[in-house]
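Visitor: I've got a model open and I'd like to learn how to read it. Can we walk through it together?

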There are 2 protein chains.
Amino acid sequence: MSSGGRGGTEAIAAVATGATSVSDVAAACLGKVHELDPSIGAFRAIDEEKVRSRARELDDRITGPLHGLVVGVKDVIDTADLPTAYGSPLFEDHRPSADAAIVAALRRAGALVLGKTESTEFAMFEPTRTRNPVDRRRTPGGSSSGSAAAVAAGMVPVALGTQTAGSVIRPAAYCGVYGFKPARGWASTEGIWLLSDQLDTVGLFARCVADLLLLYRALRLAAAGSQTGVPADLAPRTRARPAVLVLPAREWGSWEPEVGDALDFAASRLSDSGWEIRETRMPRSWRQLPEQHAVVMAVEVAKNLHAALGDRVGKISESAQAIVERGDRCSAREYLAALAARDEARTALGPLSVAAGLVLAPSALGVAPEGLAFTGDPVMCRPWTLLGLPAANIPAYRRDDGLPVGVQLVGLAGDDLSYLADLASAEAVLTPKED
Amino acid sequence: MSSGGRGGTEAIAAVATGATSVSDVAAACLGKVHELDPSIGAFRAIDEEKVRSRARELDDRITGPLHGLVVGVKDVIDTADLPTAYGSPLFEDHRPSADAAIVAALRRAGALVLGKTESTEFAMFEPTRTRNPVDRRRTPGGSSSGSAAAVAAGMVPVALGTQTAGSVIRPAAYCGVYGFKPARGWASTEGIWLLSDQLDTVGLFARCVADLLLLYRALRLAAAGSQTGVPADLAPRTRARPAVLVLPAREWGSWEPEVGDALDFAASRLSDSGWEIRETRMPRSWRQLPEQHAVVMAVEVAKNLHAALGDRVGKISESAQAIVERGDRCSAREYLAALAARDEARTALGPLSVAAGLVLAPSALGVAPEGLAFTGDPVMCRPWTLLGLPAANIPAYRRDDGLPVGVQLVGLAGDDLSYLADLASAEAVLTPKED
């Protein structure tokens, strides 16, 4: 990324070889924040004193494989040392008593948390103040608005987000970075604002796949309580050039012409590099997945917001209330039918994955919408979140005016590590390093 | 039981030592059916020719640990060689193409299926023609009406039933036999009419705990694909005299005086034998469990009957339609709240199980109701089914007029085998063999 600072893998290597220190890496990130964040608004809370003192501590003692990595953490994820407002004025001064499990894993792995990044209200659709670093008159997308913008602007190399509908893939597409939503259940969501029991997934932002892989593996290892050996199922994998099914997915939403251009660009580049590329028809059982996702999400959002907020549900935004009301109106039969439809849709994965390991599909319906009022439509992400498959935005293409148009690569087998190996191969073709 | 034929364990031992043959055991059961079933109506389908030829085959070759055991199978459980009507006229001539998983396990273990026993319509509340062997003017209870009656009348030593609300414990209580509903998920329900995804559980009827234990272990072993070695977790267990909490559970329903007499009788007998017996108050989170169970059941019954029957839902009984309609009206929020309440209720199990391993509670609200129109109220079973705990009816007590009044023993730790060891200890005190 032209706008970007140093990559995470690069920073870790530089600290490890003594070329720089954690304090210097952290100071460079804070410098970028001072320079850019006044006009972007990616960070909601940074305690600079604490960042500096924590960096000095890390310079005294290596504590894990992410030593030298500076990370932004979405505001819906609990941190004991920084306020956590879940994107809501109702929690403006809230300070959790403990770190979320994923933050504890980050710290155990030796990473340095720079600050909390802006989230839409409760990770839904009421926007934040954050602006898109590529074009400040446009939304960065949501709900992980600040994490996407902070990584795109080079303030941090990587950041944590969450995805319940399209909250990682969509802002990554609008801001022109990699956004990775691993397979459902890969990491604990303990200490993260609970939206949907069946959908909430921790996601990662980075400017290159090497950083995603590094962060993903270190978090899995830290969660497993180990930092030295690499468990067999976390070892790096190599694969032959994989086959890709192109799924235009017009059944899910009518996208702008630039989305077709981005798909064509990616497909033809991959094909030129010897990948097997085939367009595929959508399985019949997948057509209603966006609607079925919306049913599951609304019901569970309603249940969880009532439980968390009680009477204060009346004080949340109208857009959030509309989802709660939809969930309240939903019958148990409709809810169970949506879950059954998801299970039915999953049966199509078996035969499809015989044909190919990957699907190439749109990340969003077009470039980032103008203005900050609307964070964009997550419809192209709802199905993959409901199916629980690993998916990432690849910032492969830009419109003539320079606005990013992402494409989404989805792993049909549901295995994150094989998927990341494929994603790295795709990166080498689609977003090669310039230097 | 005075009415009973030979016990299952006894029959297996007699065949094994050459004192009798499988053919003779089967003939004795058929003789009891000829003698008693015209006035009871426990069996819906028996193919006598097939029973005799299968018995001859078994006499030629020992195929498993249940060699010599004759079993009745409830009509909601698929059998490839006998019609399976699920208690409904809509399936009068239905003949499944394959055995249910539990029937396949039975046969692999060497048991002989005598026939199909009557079930209420789809294992709900529309009664069968079956009469209570103890008093033919009364219901045997439901929904496993035929299995309970067949075992009580001595036509078979053991039989399979299913419980979604109180379909094993209640008929066992009314007919004066042991009925055991193991912990949720102990056996596959594949090939069994699907009522409720979260509740349906295969249950067992017998006249003594030794037969329950024998059948339970053999089915677990056969399901695990092994018939020789005993996996460590299926080895018999011995326990000290366990502590019992007496839970009168008046909050769940107002029972007749004989129920209090039965509880008092069982508690004082156990206490006289040195068991630690304490009355306990009901945890607050348990009070609404019967209602929460009814919500979960209605929603899932509605979903599954719509899926299985389509338009023919209009042709089922009014009592079944009422449940479907209740499920249809139920909101997703109400359904999820019931499931959350169940999870909350489960948290009370930890502290309670420190105090005692067992709960003694009513099996039903009184003796078997008069007439055949009403199979009795399952309210005393709903909570334990929702919690998924192992529970059995102990035929410990009879009213002055000879009608059985069961008590229910529930295992708080949720472990079937430790529970069965405790149940055997309780049997030795409460229903000692007369021989």
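Visitor: How are helix 8 of chain B and helix 14 of chain B oriented to each other?

Guide: Before we start, keep in mind that this is a predicted model. The general idea: a pair of packed helices is described by two values, the angle between the axes and the distance between them. Here, the axes of helix 8 (residues 257–272) and helix 14 (residues 416–430) of chain B cross at roughly 100° and come within 9 Å. Helix 8 of chain B and helix 14 of chain B are therefore roughly perpendicular to each other.

Visitor: Which residues make that contact between helix 8 of chain B and helix 14 of chain B?

Guide: Helix 8 of chain B brings A266(B), R269(B) and L270(B), while helix 14 of chain B brings A426(B), V429(B) and L430(B). By class, that contact has five nonpolar residues, one charged and no polar.

Visitor: At what angle do helix 4 of chain B and helix 7 of chain B pack?

Guide: Helix 4 (residues 101–108) of chain B packs on helix 7 of chain B at about 100°, and their axes are 8 Å apart. So these two, helix 4 and helix 7 of chain B, are roughly perpendicular to each other. On the helix 4 side of chain B you'll find I102(B), A105(B), L106(B) and R108(B), which meet L219(B), A222(B) and A223(B) of helix 7. The tally for this contact is six nonpolar, one charged and no polar.

Visitor: What rotation superposes chain B on chain A?

Guide: It takes 180°, with 0.1 Å of shift along the axis, and the RMSD is 0.0 Å. That's the relation of a two-fold axis. The same surface serves both copies, with 100% of the contact residues of chain B recurring in chain A.

Visitor: And how many residues of chain B are in contact with chain A?

Guide: Twelve residues of chain B contact twelve of chain A. Helix 9 (289–309), helix 10 (318–329) and helix 11 (332–346) of chain B each give two or more residues to that side. Helix 11 of chain B has the largest share, five residues. The side of chain B that touches chain A divides into six nonpolar, two polar and four charged residues.

Methods
Residues are numbered from 1 along each chain as its sequence is written. Chains are lettered from A and ligands numbered from 1 in the order in which they are written. This is a predicted model: local features need pLDDT of at least 70, side-chain atom pairs count only at pLDDT 80 or more; totals for chains, interfaces and linings use all residues. Axes are lines fitted to C-alpha atoms, for helices over the stretch in contact, and angles run from 0 to 180 degrees between N-to-C directions. Helices (H or I, at least four residues) and strands (E, at least two) are DSSP runs, numbered from the N terminus. Angles under 35 degrees count as roughly parallel, over 145 as roughly antiparallel, 65 to 115 as roughly perpendicular and the rest as oblique. Two residues are in contact if their C-beta atoms, placed from the backbone, lie within 7 Å. Ala, Val, Leu, Ile, Met, Phe, Trp, Tyr, Cys and Pro count as nonpolar, Asp, Glu, Lys and Arg as charged, and the others, Gly among them, as polar. Copies are superposed by least squares on the C-alpha atoms of residues with pLDDT of at least 70 in both.
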